[in-house]
Amino acid sequence: MTGVALAEELLLLAYDDETGKATMPRISLDLGMAAAVLVELALAGRIAYADGSLAAVDPTPVGEPILDAVLARIADDTPHSPSSWVQRLRHGLRDRILGDLVRRGAVRDVEETELGFIVVHRYPAADPSVEEDSRRRLGEALADGQLPDERTAALATLVAVLRMEPALGLTGEAAVDARRRLEEIAGGAGFSGNVSLDDSVVRPSVGLVVAALAQAVDQALGKRP
């Protein structure tokens, strides 16, 4: 399976391969996937921040259905702030991404009934190769001390903001060290910290989306210790 979006990588990391259930708060995952779509569109030069808002600067499809649907929505709508777009896009996004991953064979849709009448769905892994690649790239980025490629740096940034160290199998001091390294990657890539529009619009656009995500996660879960 190829051509996986950042939002799909996040979801696969967040869902347990065996149980097919989310291992993190769903509100933060939904916010994170919305931000991931915006980050990927900004990196592709399709949207940019200007005058307090994110707007489409190039409506040309990128060839990924979920990204293209969001791009079309942004192009057709009035400009909104990064915070507003993160909130607007999160509703229903997880179901669309899960549906896409099922169609592409990455996960299975297992329907079950609880208490005799409550229908629930689980999504255990069907093709672990995508998640394995994400974990490998993040593991290498955590271990080698070098700035990874742009896509991996974006994924690392989102993982840090979403407090997903446990999804990487890390706890205690290892999780603390990983958080520090993930934040270093985010800063080194220009995806966090001080935001300036002087040099380019891409990294400031990403940085403002990341900042909006961090604020939304703090509001949903409380500030991180």
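Are E9 and R137 buried or exposed? In this predicted model, both E9 and R137 are buried. The two residues form a salt bridge, with 2.6 Å between the closest N and O atoms. E9 belongs to helix α1 (residues 6-14) and R137 to helix α6 (residues 129-144), so the pair ties together parts that are 128 residues apart in sequence. In the whole structure, a search finds 21 salt bridges.

The overall fold gives the setting for these pairs. The chain has 9 helices and 4 strands, and along the sequence these follow the pattern α-α-β-β-α-α-α-β-β-α-α-α-α. Its radius of gyration is 17 Å, close to the 17 Å given by the globule rule for 225 residues, so the chain is as compact as a globular protein of that length. The C-alpha trace spans about 55 × 45 × 35 Å along its principal axes. Among the contacts with a separation of 6 or more, 63% are between residues 24 or more positions apart. Of the 225 residues, 45% count as buried. The chain exposes about 10,500 Å², and carbon and sulfur atoms supply 51% of that area.

The side chains of E64 and R104 meet at 4.0 Å, N to O. E64 lies in the loop between β2 (53-56) and α3 (65-76), and R104 in the loop between α5 (93-103) and β3 (110-114), so this pair ties together parts that are 40 residues apart in sequence.

R135 pairs with E131, the closest N and O atoms being 2.9 Å apart. Both residues are in helix α6, and because they are 4 residues apart there, about one helical turn separates them. R135 counts as partly exposed at 31% relative accessibility, while E131 is buried with a relative accessible area of 6%.

L115, F117 and I118 make a nonpolar surface patch of about 360 Å². One of these residues, I118, is placed in strand β4 (residues 118-122). With a relative accessible area of 32%, I118 is partly exposed; it can be counted in the patch because patch residues need over 30% relative accessible area.

Technical notes: Residues are numbered from 1 along each chain as its sequence is written. This is a predicted model: local features need pLDDT of at least 70, side-chain atom pairs count only at pLDDT 80 or more; totals for chains, interfaces and linings use all residues. Side-chain values use heavy atoms; hydrogens and water are left out. Patches are made of residues with over 30% relative accessible area and no salt bridge: like charges are joined within 9 Å, nonpolar side chains (Val, Leu, Ile, Met, Phe, Trp, Tyr) within 5 Å. Accessible areas come from the Shrake-Rupley method with a 1.4 Å probe; for residues, only the protein chains shown count as cover. Helices (H or I, at least four residues) and strands (E, at least two) are DSSP runs, numbered from the N terminus. Buried means under 20% relative accessible area, exposed over 50%, partly exposed in between (1.4 Å probe, protein chains only). The radius of gyration is taken over C-alpha atoms; the globule rule is 2.2 Å times the number of residues to the power 0.38. Contact means heavy atoms within 4.5 Å.
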